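Me: Please take a close look at one part of this structure, the shell around the ligand. What is the shell made of, and which elements supply it?

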Amino acid sequence: MIQKQSQRRGSFPQRAAITAAAWGIGLMAGAGVLAQTPQAYQVEQGEIRAALADAGDPVRGRAVVLSRESGNCFLCHAFPDADGAPPGNLGPEMSGVGARMNAGQLRLRVVDSARVNAQSIMPAYYRIEGLNRVAAAYRGKPLLSAQQVEDVVAYLAQLK
Ligand code: HEC
């Protein structure tokens, strides 16, 4: 009994240290993303054809799409594999989007939705100028990193 109590006492600071380390890593990763110089891109015929970063990873892309901290896409769109996230209905359903649009079109849509539809309510996730719908702290900084854009494009492209 005495031993059990001392073990229990011992476990709390240990867990606190692990949590603190996890936070530290998260903050460092966040700072790294924001410190990156945004990648220039070219829009041709409704597409951004050149990738902004390394080949995207659909698994990471799905996490961005369903994340409340980064993509938040599920607020407006329904995704076929959303794992219980309530389906948004302000924008079109995302099942089949990879068959409807090619990677260049998906990339432009995510980077700067207003280039596709000037009245779009969808946020520009990688445009860096002319942002007026974002909080002051984020002005001048893209909502997603170049790699996150590629990850999201890779995820959307396989929704066929
Ligand atoms: C505030 C709501 C909102 C959010 C958040 C949002 N979208 Fe959209 N999205 C829309 C609307 C509305 C449209 C329909 C076209 C338009 O009005 O611009 C659209 C269109 C699209 C299209 C084109 C679909 C088609 O069939 O033409 C894609 C792809 C897309 N969104 C992906 C995303 C992704 C990926 C995210 C997150 C990174 C996201 N959207 C976040 C509202 C949103």
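Reply: By class, 15 nonpolar, seven polar and two charged residues make up the shell around the ligand. The model is predicted. The residues around the ligand number 24. Among these, Cys73, Cys76, Gly91, Ser120 and Met122 come nearest.

Now the helices. Three of them each supply at least two residues of the shell: α3 (97-100), α4 (103-111) and α5 (146-157). The biggest giver is α4, with three residues.

Two of these suppliers, α4 and α5, also meet each other. On the α4 side, the residues are Ala103, Leu106, Arg107, Val110 and Val111. Their partners in α5 are Val149, Val152, Val153, Leu156 and Ala157. By class, this contact of α4 with α5 has nine nonpolar residues, one charged and no polar.

Next, the geometry. Two packed helices are described by the angle between their axes and the distance between the axes. For α4 and α5, the axes come within 9 Å. They cross at roughly 130°. The two helices are therefore oblique to each other. The crossing in which α4 passes α5 is right-handed.

Last, the setting. The chain has five helices and zero strands. From the N terminus on, its elements run α-α-α-α-α. Of its 160 residues, 25% count as buried. Among contacts in the chain with a separation of 6 or more, 57% come from residues 24 or more positions apart.

Note on methods. Residues are numbered from 1 along each chain as its sequence is written. This is a predicted model: local features need pLDDT of at least 70, side-chain atom pairs count only at pLDDT 80 or more; totals for chains, interfaces and linings use all residues. A residue is near a molecule or strand if its C-beta atom, placed from the backbone, lies within 6 Å of it. Helices (H or I, at least four residues) and strands (E, at least two) are DSSP runs, numbered from the N terminus. Ala, Val, Leu, Ile, Met, Phe, Trp, Tyr, Cys and Pro count as nonpolar, Asp, Glu, Lys and Arg as charged, and the others, Gly among them, as polar. A residue is buried if 20 or more other C-beta atoms lie within 10 Å of its own, exposed if 12 or fewer, and partly exposed in between; C-beta atoms are placed from the backbone. Two residues are in contact if their C-beta atoms, placed from the backbone, lie within 7 Å. Axes are lines fitted to C-alpha atoms, for helices over the stretch in contact, and angles run from 0 to 180 degrees between N-to-C directions. Angles under 35 degrees count as roughly parallel, over 145 as roughly antiparallel, 65 to 115 as roughly perpendicular and the rest as oblique. A crossing is left-handed if the near helix is turned anticlockwise from the far one by less than a right angle, and right-handed if clockwise.
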